[in-house]
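Me: I'd like to learn how to read a fold from its contacts and its helix packing. Could you walk me through one?

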Amino acid sequence: MVMVYNVNIFILAILALAVLLRSPRAIALFGSPGDWSSGFILRSIPYRPSRSVRANQPAYPPPAGAVSDDVHTIHSYSHAQHVERLDEKGAPVEMTYPPHFSTCPKFLRPVLAPFRIRVSPGFSVARAITVTVYFYILLFEACYKSNPLIDAMRTGWIAVAHLPFVFNYATKNNVLVGLLGFGYEKKQFNYLHRFLGRAVVLAGNLHSIYYFYKWSMAGTFVTNIKQPSNTWGFIALICLDVLFFFSIEAIRNRAYNFFLVSHVAAFIILVPAVYMHQPSTLPYMLAVAGIWGLDHLLRIIKTSFSTATLRPLPELDLTRVEIPYLNSGWRAGQHIRLRVLSTGLGWFGWSETHPFTIASVSNGPEGMVLMVKKAGTWTNRLYEMSKISGYVEAGIIGRQVKVIVEGPYGGPGHTIFASFSAAVFVVGGSGITFALSAIQDLVQKDVQGRSRVKVIELVWTIQDPASLIPLLPALTSIIQQSIFTPVRISVYYTRAATGKFPFPDDFYVPGLTLAPGRPRISKVLDSAISRAVSLGAGVKDTVGITGLLVGDDVAKAVGGVDPVRRDQVGGIEIHEETFGW
């Protein structure tokens, strides 16, 4: 159908325009070699500390007059004035700042601000408009010089022609994700996959119902349905409906494995069934098979077999998974899909894969570290299995298991965190894993002279203050390593401590605060902007705000920043890290 073909070309043109608008950021990645060359394939390399620092004057006491409520910040800043960056040969490091392209020009900020308002959790006005425009494109396609209730040929071709888009929006590895710099897990395409998938199911059912009604009225239903092409069409219809009904949120959330198996099985049958029903659909079915095949080929390439050590962290209700043999190949904020090859997870536990954010920095001494929070049957079993000690190292329980690691996926995409003037991380609970890797990466790049960031803020909200205990050494280490760019960490707990409070009344760690209640994100942003401006940020810089699990609160706070304050630092951008299916 010419009409359907033209609409597909129009949609491709819109996607091409989106890629063109995002291209400056994609090009900017080539100005940061460590970013564009990483984030594709995991690997193991020898660990070598790449940079060091040297004191050239006594760092303390701080200069006269250096008085501030935040002693740590002043001391860190004055300390930075008395040290210098050195390369492997002991020579001073030449600063090489990564390029930065703002996602929104200054003159468009007032216009685009309303589009960031959240209509519902995780769903902005911009996405609502995108879905509405997509809907009217499909409606025009179905109704232009046609009645979708009686023009079965048109609705059938609409269902077939949009199948490649449906599958492309769902795959983890596809060209569009790479060109736009979005990850599949952030629902950037998932909401389009769901919307368009439902539209395809509706078109397929309208196509079939017309013939069912026509044959039933003529009394020839049985005769016609027995024809091979119509039988295959009926099978394709069943597959479409299975894809829809078993992906309803209630089923998807309560029985994800059932949803996954039904999705894969229905897809495998759907493609040949559509072709057998109408051989002229071959180009579209080849496109679907090509998208699916490329995705799975890249998954195989991205897959690694390794040995992991499981350690329980009861204060955080999670399992620490250490994979020392994989220590390179990812960018801060990326995640992997983990499969544990052990019957300790149940008879079929080995067949499940689950996504987890990498909590360690690439090329670091620890290798890959994952923090697996207890959130379901599989993760609960993993936690219980970690408590069954296989050996004890330095008094710490550990159990080794074989694992299959697939990834890395997601992450910042075309965003270069080190190109911002300030970075604020707002996370909740296990979201600290994202912040840990991202901040460690920023500190590492700062020592190497490859970061523009002048201010790093971490706001972590937890339920119990005891959750801070197992990560206190890591957080303290980050603060101590942030020689040139001070890191300030604020931890908030929302529930009273169970039993005795885990810290003394005079608890004090320079650069880290612990307080009850919930954070005031707007106050944190204002403080970060003020510090960035005082340290030299200008209209050509940008403050980056990263929110994980609390993205709606972050978006609301960013939307409330005064435009003048926003322009002082060249704008504020949000990187929201969310998982969904």
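Me: Happy to start with contacts: of those between residues at least 6 apart in sequence, what percentage join residues at least 24 apart?

Reply: Contact means heavy atoms within 4.5 Å. In this chain, 77% of the contacts between residues at least 6 apart in sequence join residues at least 24 apart. Bear in mind that this is a predicted model, where local features need pLDDT of at least 70, side-chain atom pairs count only at pLDDT 80 or more, and totals for chains, interfaces and linings use all residues. Residues are numbered from 1 along each chain as its sequence is written, and side-chain values use heavy atoms, with hydrogens and water left out.

Me: How do I read the packing angle of α6 and α7?

Reply: Axes are lines fitted to C-alpha atoms, for helices over the stretch in contact, and angles run from 0 to 180 degrees between N-to-C directions. Helices are DSSP runs (H or I, at least four residues), numbered from the N terminus. Here α6 (residues 152-161) and α7 (residues 163-170) pack at about 30°, their axes 4 Å apart. That makes α6 roughly parallel to α7 (angles under 35 degrees).

Me: Which residues of α6 and α7 meet?

Reply: Ala159, Val160 and Ala161 in α6 meet Leu163, Pro164 and Phe165 in α7.

Me: And where does Pro283 sit, buried or exposed?

Reply: Buried means under 20% relative accessible area, exposed over 50%, partly exposed in between (1.4 Å probe, protein chains only). Pro283 is exposed, at 55%, and belongs to helix α14 (residues 282-301). Pro283 lies 122 residues from Ala161 in sequence, yet their C-alpha atoms are 9.4 Å apart.

Methods:
Helix = DSSP H or I, 4+ residues; strand = E, 2+ residues; numbered from the N terminus. Parallel < 35°, antiparallel > 145°, perpendicular 65-115°, else oblique.
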